[in-house]
Amino acid sequence: MNSKNQVESTLKEILEVVKPLHEDWVTRFKIINELREVVQSIENLRGATVEPFGSFVSNLFSRWGDLDISIEVSFGQCVSSAGKKRKQTLLGELLRALRKQGGWSRLNFIPSARVPILKIVSKWQNISCDISIDNIQGEIKSKFLFWLNEIDGRFRDMVLLVKEWAKANGINNPKTGTFNSYSLSLLVIFHFQTCVPPILPPLKDIYPTNVVDDLTGAKVDAERRIAQVCSSNIARFKSSTSRIVNRSSLSELFISFIAKFSEINSRALELGICTFTGQWEYIANNTRWLPRTYAIFIEDPLEQPENSARAVGQKQLVKIAEAFEMTRRTLISANVTRNTLLPTLVGPQTSRFLIKKHPTVYSNSNYRSYPNTPPQVHRVVQSPLQTQYHLWQPQYKNSRPSTSQMQHQGPRMVPSTPKSQSQFARMRVMNGPSLPNHQFQKPNPSVPQDQVQVQVQPQIQIARTEGYNVKFGTRRPHRVQHNQGQMWRPKYDR
């Protein structure tokens, strides 16, 4: 096996391990449900809602990913947020309630943070939870990243791989002066914008202004306006006939990503990363970024001119650049093997799963690496939020595309008719917490489960879903086949 194929097969093997299983979703919903019960037991939080956001909502979390929670105490219809002192008081009350209930560990209240936060660890799989109050900005950013997933499935794969690699190299922890996960996601977006040909457009082509500035007035209306604009512009980008298709394999994208930022410390002296325009920007020419006080500037495209990498220090930036360069050398080595790649690409937790696997796990006839195919075949494996309709208690639609349409037609995105209630339709999950902006098709006994239409409300409709084996108890992470001109599905153990 040549070096390129070795990198490709190893990356696919890593993805099989880090992508969440059904039980990982169920566990997080269980945690949300338990938090809701605690919140409702607090007098000053009666009527507040418990809303997940972050990588869980954007479908960019790994099996061991943290869970971000926002407790919404804005009981009115308008976008608002409790003051910092009020947030500190409420989180303090929640801290005392969690201690009284028991079942939570490593409770750590950080009232002085830019956004006051309560960190806890659940008894379920030891999942870490970060709890904040009225974090509507975090919620809309999570939805925005979810919408980007619909453009090209390689985006999700790259984010999962990059986050795993960054943790393995000790550069995914803002507490120690390195990148947070949001900054890493922005780096992947930037790479997809600047590769040749580009896979993603400048984000100004998806939403032309500052998203958080438009979170005003009635919350429902604000969310609907933002989502409709994004949906329309994403659909326009995907349907453009003038766009040149990028056919890079996952390994090619990963190697070029590592190479692009291998000198990031020297480039950061003069240049900032701007995903809003999709290009490097000279800091001296950008008045929004002056005066220059950060080691590196990765602008938050949805909350300009905030620097998402403001926690990165100068010494740690050197460490980050060294990690990129050492990985680049490993990836392009002529003698690269699975055993030389894994210590560089994954951390100990993931390694334990990979070591159990046979090194020739991909030698069977079912494995195929990414072919040189258009982005239309690089589809996201739909999350249980979108496919496991039998787990939820959703609202339903009556219309359904024909079987032939679903077999030959990829996901399409169209604005949907706003509902009279919340535009991000609420659903009850296993009699537990609510999640926004997902609506599901009612199952029809005469139609196979993998041919049921799924709609992401209120703006994005998916014309078909990927099949999920209902025997989740014995399911291992899936292997995906990508075939030119055919609808693909994940493969499962029988």
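The model is predicted, so local features are given only at pLDDT of at least 70 and side-chain atom pairs only at pLDDT 80 or more, while totals for chains, interfaces and linings use all residues. Residues are numbered from 1 along each chain as its sequence is written, and side-chain values use heavy atoms, with hydrogens and water left out.

**The chain overall**

- The chain has 15 helices and 15 strands (DSSP runs numbered from the N terminus: H or I of at least four residues for helices, E of at least two for strands).
- Of its 494 residues, 59% are buried (under 20% relative accessible area with a 1.4 Å probe, protein chains only; exposed is over 50%, and partly exposed is in between).
- Among contacts with a separation of 6 or more, 72% link residues 24 or more positions apart (contact means heavy atoms within 4.5 Å).
- Carbon and sulfur atoms hold 50% of the accessible surface of about 20800 Å² (Shrake-Rupley method, 1.4 Å probe; for residues, only the protein chains shown count as cover).

**An open sheet**

- Five strands form an open sheet in the order β1-β2-β5-β4-β3, with mixed pairing (two strands pair if DSSP finds at least two bridges between them).
- Because β1 and β3 (104-110) each have a single partner strand, they stand at the edges, and one side of each is left without a neighbour in the sheet.
- From one strand to the next, the twist averages 25° (axes are lines fitted to C-alpha atoms, for helices over the stretch in contact, and angles run from 0 to 180 degrees between N-to-C directions).
- β1 (residues 49-53) pairs antiparallel with β2 (residues 67-72) over 5 bridges, and Phe53 stands opposite Asp68 in β2.
- β1 is mostly covered, with 4 of its 5 residues buried.

**Helices**

- Helix α2 (residues 22-40) lies across β1, β2, β3, β4 and β5 (128-133), at about 30° to β2.
- Helix α5 (residues 136-149) lies across β1 and β2, at about 45° to β1.
- Helix α1 (residues 3-18) is largely enclosed by the rest of the structure, because 13 of its 16 residues are buried.

**Individual residues**

- Thr344, in helix α12 (residues 338-345), counts as buried at 16% relative accessibility.
- Beyond its neighbours within four places in sequence, Thr344 contacts Trp165, Ala168, Asn169, Thr327 and Thr330.
- Cys230 is buried at 0% relative accessibility, and Cys274 is buried with a relative accessible area of 0%.
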